[in-house]
Amino acid sequence: MSDEQAQRAERLTTASRLIGQVTVLALTGAIDHDSVGHFAQGLAAIQGPAPKRIVVDFTQVTFMDSTGINVLVSTYRALQGSDGWIRVAGAAEGVLRVIQIVGVDTVIPCYSALEQALEA
């Protein structure tokens with residue numbers, strides 16, 4: 001990995017916490033080819049009782065390309081078999097637009113705020 005790629009990968013941080021029976025994965029930064037692995041690792045690291053219920057908090061995400069979409073769809077598919085689910089919360093207009101263009105919002109519910117995603 002070049003120094004530039006390493007710096008770009010470091011621009012994405014993840015933090016998870018449990019709220020009731022739902023794991024919230026909060027992301028900060030940009031999701032692109034160089035940082036998507038960190039996003040995928042954050043989701044993979046979520047442990048807990050099955051079925052897994054995950055809300056990805058996009059409030060602090062500044063950019064997402066198709067690599068982030070692929071991670072969301074892969075996670076959605078993996079959770080389907082275990083009666084789990086994934087939701088998106090707080091995506092900025094530009095990020096939400098990417099989600100909508102490819103139709104992911106038709107299978108993964110998107111909410112404007114974390115509280116709405118947790119209560120749905």
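Author: Of the 120 residues in the protein, 39% are buried, where buried means under 20% relative accessible area, exposed means over 50% and partly exposed is in between (1.4 Å probe, protein chains only). Keep in mind that this is a predicted model, in which local features need pLDDT of at least 70, side-chain atom pairs count only at pLDDT 80 or more, and totals for chains, interfaces and linings use all residues. Residues are numbered from 1 along each chain as its sequence is written, and side-chain values use heavy atoms, with hydrogens and water left out.

The protein has five helices and five strands, which are DSSP runs (H or I, at least four residues, for helices; E, at least two, for strands) numbered from the N terminus. Along the sequence they come in the order α-β-β-α-β-α-β-α-β-α.

Now zoom in on helix H3. This helix has 15 residues and reaches 21 Å from its first C-alpha to its last, close to the 21 Å expected at 1.5 Å a residue; the expected span is 1.5 Å times one less than the number of residues. Buried in H3 are Thr 67, Gly 68, Ile 69, Val 71, Leu 72, Thr 75 and Leu 79. Those buried residues pack against strand E2 (22-31), H2, strand E3 (53-64), strand E4 (85-89) and helix H4 (93-101).

Let's take H2 from that list. The axes of H2 (residues 36-44) and H3 (residues 66-80) come within 9 Å and cross at roughly 20°. Axes here are lines fitted to C-alpha atoms, for helices over the stretch in contact, with angles from 0 to 180 degrees between N-to-C directions. On the H2 side, the contact is made by Val 36, Phe 39, Ala 40 and Leu 43, and on the H3 side by Thr 67, Gly 68, Val 71, Leu 72 and Thr 75; contact means heavy atoms within 4.5 Å.

Asp 83 has 63% relative accessibility, so it counts as exposed.

For a contrast, hop over to Thr 23 in strand E2. Thr 23 counts as buried because its relative accessibility is 10%.
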